[in-house]
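Please read them with the structure open.

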Amino acid sequence: MRKFLLSIVDALFPAQTEERPSPKIRITAEQADQIIKAIQKIPGMEDCFIAGIAPTNSMEPTLDDGQYVVLQPRDYTDLITGDIIMFEHPGFNNGLPVLHRIIEISQGYCQTKGDNNAYKDPVKIGPEHYKAVWRATLD
């Protein structure tokens, strides 16, 4: 029975056979700072901030390691399935910030998963964990 269940999991979530290489950082931290200052002058974008993508490959091909992303706090109740969010959860990634996609919202909690990961994240994300939503990638 276990082999049967594992074969179903393997069929639904095929393993990556090779790791995709990530491009090098395209802009410097100083350039990113200048860009965010310009973005913050756009009406409705005043509270945006920039973060770098860690070398985990979890969000490839959507987001590449070393890229900078523009994030914006938005009301937790406005989040929808498909949004890419930054969150911090003490039970996941040692409480460090994570940027993953919402794959389901149920009973006030978000279930997330990295686009390049085979399985969903082991924790549910509530408003106390949520920090911001992805708005753009800086190439």
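Which residue forms a salt bridge with D33?

1. The partner of D33 is K37, and the closest N and O atoms of this salt bridge are 3.3 Å apart. Note that the model is a predicted one. Both residues belong to helix α2 (residues 29-39), where they are four residues apart and so separated by about one helical turn. D33 is partly exposed at 37% relative accessibility, and K37 is partly exposed at 47%.

2. The count of salt bridges comes to three. One of them joins the side chains of D83 and R74, with 2.5 Å from N to O. D83 has 13% relative accessibility and counts as buried, because the cut-off for buried is under 20%. R74, with a relative accessible area of 33%, is partly exposed.

3. R101 and D115 also meet through their side chains in a salt bridge, at 2.8 Å from N to O. R101 lies in strand β4 (residues 98-106), while D115 is in the loop between β5 (109-113) and β6 (124-125), so the pair ties together parts that are 14 residues apart in sequence. R101 is partly exposed at 23% relative accessibility; D115 is partly exposed at 26%.

4. Turning to aromatic rings, a search of the whole structure finds two pairs. One of them is F87 with F92: the ring centres are 6.2 Å apart and the planes are at 20°, so this pair is stacked. The angle qualifies because planes under 30 degrees apart count as stacked. Both F87 and F92 are buried.

Definitions and conventions. Residues are numbered from 1 along each chain as its sequence is written. This is a predicted model: local features need pLDDT of at least 70, side-chain atom pairs count only at pLDDT 80 or more; totals for chains, interfaces and linings use all residues. Side-chain values use heavy atoms; hydrogens and water are left out. Rings of Phe, Tyr and Trp (its six-membered ring) pair if their centres lie within 6.5 Å; planes under 30 degrees apart count as stacked, over 60 as edge-to-face and the rest as tilted. Buried means under 20% relative accessible area, exposed over 50%, partly exposed in between (1.4 Å probe, protein chains only). A salt bridge is a side-chain nitrogen of Lys or Arg within 4 Å of a carboxyl oxygen of Asp or Glu. Helices (H or I, at least four residues) and strands (E, at least two) are DSSP runs, numbered from the N terminus.
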